[in-house]
Amino acid sequence: MSETKNPLGLSSIPSVSSEGLVPVGRRTCLSRYLAALWNRRHFIIAESRAKMSSSTRKNILGYGWLFLNPLLSVLAFWFIFGFILQTSRGVPNFLGFLVVGVFFFGYTGKCMTGGTGAIRSGASMIKGFQFPRAALPISTVVRNFLDFMPTLLVMVIVLAVVPPLEVITWRVILVIPVIVLQTIFNVGLACFLARLGHKIPDLTNFMSIVSRFWLYGSGVFFSIEDRLGNHPALLEAMQYNPMHAYLTLVRNSLLYGVDSDPKMWIVGTVWAFGLLIVGFLFFWRGEENYGRL
């Protein structure tokens with residue numbers, strides 16, 4: 001007996017293995033689960049593309065909002081923090097500093113909120129097809145990654161045409177491994193929160209508040225080193241914030257053309273792969289419960 005698949009590779013009828021029928025929703029061993037997830041990679045990409053920027057398609061400007069949203073956000077934050085609150089004092093190229101912070105934090109922030117509701121938003125798919133449920137939070141990250149690419153183009157254009165212009169060095173290529181680390185981190189975060197969001201429906205609303213606290217605590221709008229200079233213990237703790245590490249690495253490589261403290265690379269790498277392992281295993285262990293919505 002073979003399984004019936006739809007064009008995206010999702011199984012509507014469980015297959016028969018050497019051990020007999022496989023119960024729907026039963027958690028398989030980790031190696032088989034990873035293999036099944038890899039076999040659904042085309043589904044993950046197709047589902048991500050299908051939902052990419054779905055909130056903007058019906059608007060007049062359509063995909064133009066992928067460029068306008070980050071630009072308008074930067075303008076609003078610059079007016080509030082740079083012009084009114086004067087957090088720009090002591091920060092070289094504050095506009096570029098702000099652009100990097102808003103764009104890169106927005107990528108993780110969207111993965112965090114989207115991952116939290118991934119299981120509940122995919123309830124109909126879970127009930128109709130048999131597939132590794134981890135495909136849902138991973139698809140959320142892939143979708144936000146695809147949305148993030150146009151904002152990177154906007155960021156490059158802004159930094160290239162708006163003074164003060166920075167001298168580009170070879171370190172600009174280091175932005176690529178930072179994006180890779182941040183994406184790995186986002187996958188682990190989305191998987192971890194997806195299981196929690198399935199257990200606690202109200203968590204989706206609560207995560208928007210957590211995201212705001214994280215936003216202000218990551219040095220998006222101001223330099224943490226300058227603002228917390230009189231609080232060494234708190235400053236030291238903030239150095240282990242993964243988003244602060246990623247933003248610092250990008251700013252040093254892209255804006256200032258200086259070498260980053262190796263500690264920042266270590267923090268970013270440990271958080272990325274550590275949370276990927278913990279988050280994925282945590283999600284996998286709850287696989288049997290995701291059909292009970």
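Where does UniProt place the feature "transmembrane region"? The record, an unreviewed entry, puts it at residues 60–85, 97–119, 140–162, 168–194, 206–224 and 264–284. UniProt positions follow the numbering used here, feature names are shortened, and annotations may be inferred rather than shown by experiment.

This is a predicted model: local features need pLDDT of at least 70, side-chain atom pairs count only at pLDDT 80 or more, and totals for chains, interfaces and linings use all residues. Residues are numbered from 1 along each chain as its sequence is written, and side-chain values use heavy atoms, with hydrogens and water left out.

## Overall build

The protein chain has 13 helices and two strands. Helices (H or I, at least four residues) and strands (E, at least two) are DSSP runs, numbered from the N terminus. Residues 264–284 are 100% helix and 0% strand, with end C-alpha atoms 30 Å apart. Residues 206–224 are 63% helix and 0% strand, and their end C-alpha atoms lie 25 Å apart.

The chain has 293 residues, and 47% of them count as buried. Buried means under 20% relative accessible area, exposed means over 50%, and partly exposed lies in between (1.4 Å probe, protein chains only). The accessible surface comes to about 14800 Å², and 67% of it belongs to carbon and sulfur atoms. Accessible areas come from the Shrake-Rupley method with a 1.4 Å probe; for residues, only the protein chains shown count as cover.

Among contacts in the protein chain with a separation of 6 or more, 77% join residues 24 or more positions apart. Contact means heavy atoms within 4.5 Å.

## The nonpolar core

The largest nonpolar core has 74 residues. Such a core is a set of buried Ala, Val, Leu, Ile, Met, Phe, Trp, Tyr and Cys residues joined through side-chain atoms within 4.5 Å. Phe103, Phe104, Met155, Phe221 and Phe283 have the most contacts inside it.

What does Phe283 touch, not counting residues up to four places away in sequence? Its partners are Tyr33, Ile119, Arg133, Ala134, Pro137, Cys191, Ala194, Arg195 and Tyr290. One of these, Cys191, is buried, with a relative accessible area of 0%. Cys29 is partly exposed at 38%. The whole structure has zero disulfides, a disulfide being a pair of cysteine sulfur atoms within 2.5 Å.

## Salt bridges

Side chains of opposite charge can pair when their charged atoms come close. The count here is two salt bridges. The rule asks for a side-chain nitrogen of Lys or Arg within 4 Å of a carboxyl oxygen of Asp or Glu.

In one, Asp259 meets Arg171 at 2.7 Å, N to O. Asp259 lies in the loop between α12 (242–256) and α13 (262–284), and Arg171 in the loop between α7 (135–161) and α8 (175–199), so the pair ties together parts that are 88 residues apart in sequence. Asp259 is exposed, at 55% relative accessible area. Arg171 is buried, at 14%.

In the other, Lys263 meets Glu236 at 3.0 Å, N to O. Lys263 sits in helix α13 and Glu236 in helix α11 (residues 232–238), so this pair ties together parts that are 27 residues apart in sequence. Lys263 is partly exposed at 25% relative accessibility. Glu236 is partly exposed too, at 39%.

## Buried residues in helices

| Residue | Helix | Relative accessible area |
|---|---|---|
| Thr248 | α12 | 16% |
| Met238 | α11 | 17% |
| Pro70 | α3 (residues 65–84) | 10% |
| Asn252 | α12 | 14% |

Leaving aside neighbours within four places in sequence, Thr248 is in contact with Ser260 and Met264.

Met238 touches Gly217, Ile224, Leu228 and His244, not counting residues up to four places away in sequence. The C-alpha atoms of Met238 and Gly217 are separated by 7.7 Å, and the two are 21 residues apart along the chain. For Pro70 and Val99 the C-alpha separation is 8.4 Å, across 29 residues in sequence.
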